[in-house]
Amino acid sequence: MTINRFVCLWSLILCMVCVFVSTTGCDKDTDSYKKNATYIYYVDKTETKLVPREYKVKAKNSKKQVEEVIGKLQLNTDNVDIVKAIPSEVTLKDYTLEDGVLSMAFSTDYLSMNRAREVLTRAAIVLTLTQLENVSYVSISVDGQPLTKSTGEVYGNMSAVDFADNLDNNQNGNHKDDFTIYFANSQGTKLVPFKFNADYGLNMSKEQFIINKLIEGPGEKQGYIRTLSENVNVVSVKTMDNICYVTFAENFLTEQVTVPDELVIYSIVNSLSELSYIHKVQVIVIGEVGATYHGTISLADAFTRNLDYVEKNDDTE
């Protein structure tokens, strides 16, 4: 009798588990946006929003990954409620990947899309492809000319942050990547690399994330000293034509830290230059044209990476 009761109880538990799984499980069409997953973005059949679908990238090298994912953007699924991001009538003539920028060349038929559809297509392309490890920006040209806004302004390099408004609240996933930023050593005499792996939101570029981490400082991590004051205010961080423009508020010139001025500037420059697509860094201060940092370093020209300020093995005790 006791055994029969046990068997009945265990059967009841199994039935309850099965019911729970069947009622809480999600199919592919309703699954919530998963952190760190790769997604292909499609267009809703009403052409009013984007719809992400989880996808496992099979290729291993960057070139093949780009080829594979672009192919997915040009294919429909079995779901009649969504359509492919790049319409059949739009021809992709060529694409190249260099220094983290994927340049996509379309034929004139790209311009045949109406305004709403073009925005969704462009957003789907950028949001999908910038998930790949070696793609940070996408640029689009049409018939050999850069894609422009109605005002004539060139769109230039586009990242996921440019299309945050096209995402539903449940699609605000994160991207994960390896970063190297530079703080000062414990003596405040040289820069030392601080390496970590972290998530950064779709509403933030890698450049902005790096500057935020520099302002945040090394925390309790031993052997590092902050190079930027936690009170410094950042106005914007934007990369165009391989130059990263970092615009600070006026207090960048007045806030003090305990390290030499050169370490402050080159912690910014060297940290951002770890991103392959950034070749120069221009530091700008609002309201201060041609400013000098603490009267010692001119900010008039863009800076390039300088490893002379980085501690070498023979510099350590």
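**Close-up views of a predicted model**

Thr128 is buried, at a relative accessible area of 1%; buried means under 20% relative accessible area, exposed over 50% and partly exposed in between, with a 1.4 Å probe and protein chains only. The model is predicted, so local features need pLDDT of at least 70 and side-chain atom pairs count only at pLDDT 80 or more, while totals for chains, interfaces and linings use all residues. Residues are numbered from 1 along each chain as its sequence is written, and side-chain values use heavy atoms, with hydrogens and water left out. Thr128 belongs to helix α3 (residues 115-129). Helices (H or I, at least four residues) and strands (E, at least two) are DSSP runs numbered from the N terminus. Residues up to four places away in sequence not counted, Thr128 touches Tyr39, Ile40, Tyr41, Val69 and Leu73; contact means heavy atoms within 4.5 Å.

**Helix α2 against helix α3.** The axes of α2 (residues 62-73) and α3 come within 11 Å and cross at roughly 150°. Axes are lines fitted to C-alpha atoms, for helices over the stretch in contact, and angles run from 0 to 180 degrees between N-to-C directions. The crossing of α2 with α3 is right-handed; a crossing is left-handed if the near helix is turned anticlockwise from the far one by less than a right angle, and right-handed if clockwise. On the α2 side, Val66, Val69, Ile70 and Leu73 meet Ala124, Ile125, Thr128 and Leu129 of α3. The residues of this contact divide into 7 nonpolar, 1 polar and no charged. Here Ala, Val, Leu, Ile, Met, Phe, Trp, Tyr, Cys and Pro count as nonpolar, Asp, Glu, Lys and Arg as charged, and the others, Gly among them, as polar.

**Helix α4 and its crossing with α5.** In α4 (residues 206-216), the axis comes within 10 Å of that of α5, and the two cross at roughly 145°. This crossing of α4 and α5 is also a right-handed one. Glu207, Ile210, Ile211 and Leu214 in α4 meet Ser267, Ile268, Ser271 and Leu272 in α5. The contact between α4 and α5 is made up of 5 nonpolar, 2 polar and 1 charged residues. Of the 11 residues of α4, 9 are buried, so α4 is largely enclosed by the rest of the structure. Among the buried residues of α4 are Lys206, Phe209 and Lys213. Just after α4, Gly217 takes a positive phi of about 85°.

**Aromatic pairs.** The structure holds 13 aromatic pairs. Rings of Phe, Tyr and Trp (its six-membered ring) pair if their centres lie within 6.5 Å; planes under 30 degrees apart count as stacked, over 60 as edge-to-face and the rest as tilted. Tyr137 and Tyr277 form an edge-to-face pair, 5.0 Å centre to centre with 85° between the planes. Tyr137 lies in strand β6 (residues 137-142) and Tyr277 in the loop between α5 (261-272) and β12 (280-285), so that the pair links distant parts of the chain, 140 residues apart. Both Tyr137 and Tyr277 are buried. The rings of Phe194 and Phe196 are tilted, because their centres lie 5.6 Å apart and their planes stand at 50°.

**Phe194, Phe196 and the ring cluster.** Ring pairs link Phe179, Phe183, Phe194, Phe196, Phe209 and Tyr224 into a cluster. Phe194 is buried at 17% relative accessible area, and Phe196 counts as buried at 16%. Lys213 lies over the face of Phe196, 5.5 Å from the ring centre. Elsewhere, the charged end of Arg122 sits over the ring of Tyr155, 4.0 Å from its centre. A charge sits over a ring if NZ of Lys or CZ of Arg is within 6 Å of the ring centre and within 35 degrees of the ring normal.

**Val235 in strand β10.** Val235 is placed in β10 (residues 234-240) and counts as partly exposed at 48% relative accessibility. Neighbours within four places in sequence left aside, Val235 is in contact with Thr247, Phe248, Ala249 and Ile286. Val235 and Val285 are 50 residues apart in sequence and 8.9 Å apart in space, C-alpha to C-alpha.

Asp99 is not a glycine but has a positive phi of about 55°. Asp99 is found in the loop between β4 (92-98) and β5 (101-106) and is partly exposed, at 30% relative accessible area. Asn242, not a glycine either, has a positive phi of about 70°. Asn242 is in the loop between β10 and β11 (243-248) and is partly exposed at 23% relative accessibility.
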